[in-house]
Amino acid sequence: MEIYIVFTDTKTNLSKMIKNYTRYPFTHVSLSFSKDLSQMYSFGRKEAGNAFIGGFVKEDVRDHLFQRADCAVCKMELDEESYRQIWAYVQKMEREQHLFKYNFTGLFAVALNYNFNRKGAYFCSQFVAEALAAGEIRIADKPPALMTPRDLFASENLAMIHRGDMQNYPFLSPVIDYGQSAVALEVVQ
């Protein structure tokens, strides 16, 4: 079974600040259960225009933030039990998403190499590391609250399947314009 770890630089102001500090090309990481990235989860902004309202999010890869993003999509092979445990962890978080918030303080703690765990608060790489840990997948010898996209990207368990613009990711499912389909159907009939 496979999951996908999606690394992005969405080119937002917050992303630019993080990138300037880390000197690393990717500032955000998401977890997907489908190759077409239609089931992609992370911790990030809940409102596109406001970086300060964040929490658990089911992300839409077709959103303008992602369509202008640079990315690396990596595949991880898992046994069925690990996959099931990671999926269960993410689904529980989705059901209880109102209990979680974005861990802005944790971002600063990572910069200071301070293991700061806020109850119910996560940042993107912390969430992905916790989800993988739920499936007994250990990425690095550090706690999830100190995990960065760079740490996840360095995992020997990942195989890169795409690097470049997100809009050029070859496995995106096509967008169906049902309005156009109906017009085409009328013309055929």
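Begin by selecting helices α3 and α5 together: in this predicted model, the crossing that α3 and α5 form is right-handed. With α3 shown as residues 80-95, the fitted axes of the two helices come within 7 Å and cross at roughly 130°, which makes α3 oblique to α5, since an angle counts as roughly antiparallel over 145 degrees and as roughly perpendicular from 65 to 115. To see the contact itself, display the side chains of Q85, I86, Y89, V90 and M93 on α3, and those of F127, E130, A131, L132 and A134 on α5. Coloured by residue class, this contact of α3 with α5 shows 8 nonpolar, 1 polar and 1 charged residues.

Keep α5 selected and hide α3. Helix α5 covers residues 124-134, and because 8 of its 11 residues are buried, the helix is largely enclosed by the rest of the structure. The buried positions are C124, S125, Q126, F127, V128, A129, A131 and L132; of these, F127, A131 and L132 are also on the α5 side of the contact with α3. Stepping just past the end of α5, select E136, whose backbone takes a positive phi of about 60°.

Next, go to K119, in the loop that runs between α4 (104-111) and β7 (121-122). Is K119 buried or exposed? Its relative accessibility is 81%, so K119 counts as exposed. A distance drawn from the C-alpha atom of K119 to that of N103, 16 residues apart along the chain, reads 9.4 Å.

Now select T12, which sits in the loop between β1 (2-9) and α1 (13-22). In contrast to K119 at 81%, T12 has a relative accessibility of 8% and therefore counts as buried. The side chain of T12 reaches the backbone nitrogen of S15 at 3.1 Å, while, once residues up to four places away in sequence are set aside, T12 touches R45, L65 and R68.

The last stop is H162, in strand β8 (residues 158-165). With a relative accessible area of 12%, H162 is buried, being under the 20% limit used for that term. Which backbone atom lies 3.1 Å from a polar atom of the H162 side chain? It is the backbone oxygen of D165.

Conventions. Residues are numbered from 1 along each chain as its sequence is written. This is a predicted model: local features need pLDDT of at least 70, side-chain atom pairs count only at pLDDT 80 or more; totals for chains, interfaces and linings use all residues. Side-chain values use heavy atoms; hydrogens and water are left out. Helices (H or I, at least four residues) and strands (E, at least two) are DSSP runs, numbered from the N terminus. Buried means under 20% relative accessible area, exposed over 50%, partly exposed in between (1.4 Å probe, protein chains only). A polar contact is a pair of N or O atoms within 3.5 Å; within protein, one must be able to donate a hydrogen and the other to accept it, and residues adjacent in sequence count only if both atoms are side-chain atoms. Contact means heavy atoms within 4.5 Å. Axes are lines fitted to C-alpha atoms, for helices over the stretch in contact, and angles run from 0 to 180 degrees between N-to-C directions. Angles under 35 degrees count as roughly parallel, over 145 as roughly antiparallel, 65 to 115 as roughly perpendicular and the rest as oblique. A crossing is left-handed if the near helix is turned anticlockwise from the far one by less than a right angle, and right-handed if clockwise. Ala, Val, Leu, Ile, Met, Phe, Trp, Tyr, Cys and Pro count as nonpolar, Asp, Glu, Lys and Arg as charged, and the others, Gly among them, as polar.
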